[in-house]
Amino acid sequence: MESPVATYVSAVRSFSELVRAVPEDRWDGPGLGEWDLRSLIGHTSRSLTTVATYLDSPADTEDLASAEQYYVHVKEPTSVLGADDIVERGRRAGADLGDDPVATVGALSAAVIERLGTGEDRLIRVIGGSGIRLHSYLPTRTFELAVHGLDIAAAADVPYEPPAEVLEQATLLAARIALALGDGTTVLRALTGRMELPSGYSVV
């Protein structure tokens, strides 16, 4: 498997290419849930801007030891952001893409790749002030780019499949999150045709 840094960079480039394929008349159309497509793309672009921001936020302790622990942490009822906050942040991020969102996403992509460099596995401080290693955090952003990339493609009605290494890492992480949430048996039985997942089930 590729390194977390290489896989994240692949996901960033794939996302930028996908955004270039979005038809102009789709940007103000439906995206996901309460978001229009611009807001969905804006929300997804935060997987670029947060990495750039957190690289400048060193941590002293490793509070979260893995990508799946990160997701368990943010899914807890005491998480710092609620659903309404996430929706509003997505809308603001969509507006921040400006008059030429394709160019903006392209510039954000190039900037985070340059800023990341070789991706030294440093301790960074993320949402809620928790410390996590960069190589544990990046797979969470790769996951978001893969999942929302598929959402964007569906909303824009354009063909898309994440790069193989991105799809592999995201799918494996989804399984690990399910295990960390205590849902391993349910998910394994569903994936092997023994049962259906509960209605509305999600690992995030």
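Reader: Why is R133 called partly exposed?

Author: R133 has a relative accessible area of 31%. Buried means under 20%, exposed over 50%, and partly exposed in between (1.4 Å probe, protein chains only), so R133 falls in the in-between class. One note before we go on: this is a predicted model, in which local features need pLDDT of at least 70 and side-chain atom pairs count only at pLDDT 80 or more, while totals for chains, interfaces and linings use all residues. Residues are numbered from 1 along each chain as its sequence is written, and side-chain values use heavy atoms, with hydrogens and water left out.

Reader: Thanks! What makes E62 and R133 a salt bridge?

Author: Their side chains come to 4.0 Å, N to O. The term asks for a side-chain nitrogen of Lys or Arg within 4 Å of a carboxyl oxygen of Asp or Glu, so the pair of E62 and R133 qualifies. E62 sits in the loop between α2 and α3 and R133 in strand β4 (residues 131-133), so parts 71 residues apart in sequence are tied together. Helices (H or I, at least four residues) and strands (E, at least two) are DSSP runs numbered from the N terminus. E62 is partly exposed as well, at 41% relative accessibility.

Reader: How do you know whether D56 is buried or exposed?

Author: Its relative accessible area is 54%, so D56 passes the mark for exposed. D56 forms a salt bridge with R115, and the closest N and O atoms are 2.3 Å apart. D56 lies in the loop between α2 and α3 and R115 in helix α5, 59 residues apart. R115, with 32%, is partly exposed.

Reader: What links R26 and D157?

Author: Another of the five salt bridges in the structure, with 3.8 Å from N to O. R26 belongs to the loop between α1 and β1 (30-32) and D157 to the loop between α6 and α7, 131 residues apart. R26 counts as partly exposed at 32%, whereas D157 is exposed at 59%.

Reader: Now the inside. What makes a set of residues a nonpolar core?

Author: Its members are buried Ala, Val, Leu, Ile, Met, Phe, Trp, Tyr and Cys residues joined through side-chain atoms within 4.5 Å. The largest such core has 49 residues, and Y8, I41 and L116 have the most contacts inside it. Its largest share, ten residues, comes from α6. Contact means heavy atoms within 4.5 Å, and I41 touches F15, V19, V22, W27, L97, V105 and I152, leaving aside residues up to four places away in sequence. In soluble globular proteins, nonpolar side chains tend to be buried together.

Reader: Why is a space called a pocket, and how is its volume defined?

Author: On a 1 Å grid over the protein atoms alone, a pocket is an open set of points with protein on both sides within 12 Å along at least five of seven lines, whereas a cavity is a set where a 1.4 Å probe fits but cannot get out; lining residues have an atom within 4 Å of a point. Points are joined across faces, edges and corners, and the volume is the space filled by probe spheres set on them. The largest pocket comes to about 970 Å³. Of its 31 lining residues, W35, H43, I86, E144 and H148 are the closest to its centre. Here α6 gives the most, seven residues.
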